Amino acid sequence: MNIRLFILSVCIVLSFQSFGQKHTLNYGAEAGGAIPADRLPFWLHSNTYGKIAPDAYLWGNIKLFSDFRKADTRKFDYAVGAEATGALGKDDHRLFINQLYGRIRWQNLVLNLGILNPPTIYDGLSSTNGNMLYSTNSRSMPGIDLSTWDYIKLPWIGRWVSFRAKYAEYTMIDDRYAGNRTRLHNKMVGIKLTFIPQISLEGGMEHFAQWGGEIPGYGKLPHSFKDYARVVFVKAGGEDSPENDLNNKLGNHIGMHFARLRYNGSKWGAELYYNHMFEDGSGQHYQNKPDGLYGFYLTRKTSPKWFKSFLYEFYYTKSQSGPNHNDPETGEIIGGNDNYFNNGMYQSGWTFYGNVIGAPFFTPWGKTAEGITPGVFNSRFVAHHIGVCGELPWDIQYKLMMSYSENYGMHHLPFTNEQGERISKPQFSFGLELVAPDLHLPFGTALNIGFDKGDLLENNFGVMLKIFKTGILCKSKKQ
């Protein structure tokens, strides 16, 4: 993707605006710089939708977009957007399209087409945006998805029971081990029980599956419609499938059970949430317990001076259903060594453009000489994460992020000391963001400070300065 594609996308956005005549076209622009120029601290580049790489020292970003205009979801509505980023880095310079989409909404259903970032929740305090598998840590993939806009109430019992769902198909367009456009299938369903208007409980499951593509030494992987059906229904591969997919399931499957208990009062809101990830049947049946994400979020809806929101997250991924997939003595399959975010055939694993798609505490290998990321080398860890945000005097917004983790590598490739003994690598990362509104200048400013200290990442300190401007480019005509 290059600047010509972005210019074309802008023309598409403007043509939609000219056709509709009732939407407002907004713009956003940002430029920033950071030191040091070799590698930024963890919380200066993580969870930036892949826009800021660890080696970036100068970058700029521009976007044009329109939002849904109608409050009544039963009526037809649309939204469009385009966004491009250019960055200078120590190891690489980048120019790419990170959003280019069209959206249609009707009768509580939304159809998204193109590249669209997921919305940020929990005031941006979560280390994984509330989703252990699909966070804001990487660039988004082009694709198409159909989802519910809001919970849909069931007939007769809709006062207490409602549901939401999503069905999506994406293409992984980065340079990766299973090249030639690995495909990604995704679906999700959630059920919500509303006890009283202020308290609700939601539970559900989300499923991802990598399939298709082309593997060196094997060639093109199965990609027919029958193969697609096998992926969707999690079935074994056909006769033309690799031996591993014949014995197991076609493609690389990863999933998550989730639960959320939410309180929504007039002055305070709170949420307890849980993600339980799995990569095979052993994990799906909780043989990998207590692995997962456990979180708590608290927000104040009135008078956000000094304190607005607090978040705490705890990760545990050490179990992975045990250290062995096969029993060492009998050879019987016991389902261990789940090896999260890695796969023997899709060796780039759960990464996209070099970044982990899920929680950023999973640490990816560096890129090879061919520019390919060979998966994750640290998938077993125990992590604590705290986030706090609020408002300081002079309308300055602050966001504080602190994370501490003990990291163990992988079951089959653990971290060891010089004597060959297994060890853990402690890691602490800190991030502080201060955002000043455009009260006296024609643009807003943001100062970010971060540092890392530990044995997993290099000890590091960095400072980032950004300027940004948002506004309305074209106002819609009066109806």
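Which residue's side chain does the side chain of Ser403 meet in a polar contact of 2.7 Å? I looked, and the partner is His385. I count a polar contact as a pair of N or O atoms within 3.5 Å; within protein, one must be able to donate a hydrogen and the other to accept it, and residues adjacent in sequence count only if both atoms are side-chain atoms.

**Ground rules**

This is a predicted model, where local features need pLDDT of at least 70 and side-chain atom pairs count only at pLDDT 80 or more, while totals for chains, interfaces and linings use all residues. Residues are numbered from 1 along each chain as its sequence is written, and side-chain values use heavy atoms, with hydrogens and water left out.

**Entry: Ser403**

I found Ser403 in strand β22 (residues 396-407). For helices (H or I, at least four residues) and strands (E, at least two) I use DSSP runs, numbered from the N terminus. Ser403 counts as buried because its relative accessibility is 4%. My cut-offs are under 20% relative accessible area for buried, over 50% for exposed, and partly exposed in between (1.4 Å probe, protein chains only).

The side chain of Ser403 also has a polar contact of 3.0 Å with the side chain of Trp43. Leaving aside neighbours within four places in sequence, I list Trp43, Phe361, His384, His385, Gln427, Phe428 and Ser429 as contacts of Ser403, with contact meaning heavy atoms within 4.5 Å. I also checked Phe42: its C-alpha atom is 9.7 Å from that of Ser403, though the two residues are 361 apart along the chain.

**Entry: Glu202**

Next I went to strand β10 (residues 199-211), where Glu202 lies. Is Glu202 buried or exposed? Glu202 counts as buried, because its relative accessibility is 3%. Its side chain makes a polar contact of 2.7 Å with the side chain of Arg164. Not counting residues up to four places away in sequence, Glu202 touches Tyr151, Arg164, Gly190, Ile191, Lys192, Phe258, Ala259, Arg260 and Arg262.

Glu202 also forms a salt bridge with Arg260, with the closest N and O atoms 3.3 Å apart. Glu202 sits in β10 and Arg260 in strand β13 (residues 252-264), so this pair ties together parts that are 58 residues apart in sequence. Both Glu202 and Arg260 are buried. Through shared partners, salt bridges join Arg164, Glu202, Arg260, Arg262 and Glu271 into one network. The rule I apply for a salt bridge is a side-chain nitrogen of Lys or Arg within 4 Å of a carboxyl oxygen of Asp or Glu.

Asp77 is in strand β3 (residues 77-89) and Arg105 in strand β4 (residues 93-106), so the pair ties together parts that are 28 residues apart in sequence. Asp77 and Arg105 are both buried.

I then looked up Lys308 and Asp123, whose side chains meet in a salt bridge at 3.0 Å, N to O. Lys308 lies in the loop between β15 (292-300) and β16 (309-316), and Asp123 in the loop between β5 (109-115) and β6 (143-148), so this pair ties together parts that are 185 residues apart in sequence. Lys308 is partly exposed at 27% relative accessible area, and Asp123 counts as partly exposed at 32%.

**Entry: nonpolar surface patch**

I noted a nonpolar patch on the surface with about 920 Å² of accessible area together, including Val189, Ile191, Phe195, Leu261 and Trp268. Patches take residues with over 30% relative accessible area and no salt bridge, joining like charges within 9 Å and nonpolar side chains (Val, Leu, Ile, Met, Phe, Trp, Tyr) within 5 Å. Accessible areas come from the Shrake-Rupley method with a 1.4 Å probe; for residues, only the protein chains shown count as cover. Strand β9 (182-196) gives the largest share of the patch, 5 residues. Ile191 lies in β9 and is partly exposed, with a relative accessible area of 39%.

Most residues other than glycine have a negative phi, and most peptide bonds are trans. Against that, I found a cis peptide bond between Ile35 and Pro36, omega about 5°. The bond from Lys289 to Pro290 is cis as well, with omega near 10°. Asn129 has a positive phi, near 55°, and counts as buried at 9% relative accessibility. Ser321 has a positive phi near 65° and is found in the loop between β16 and β17 (351-352).
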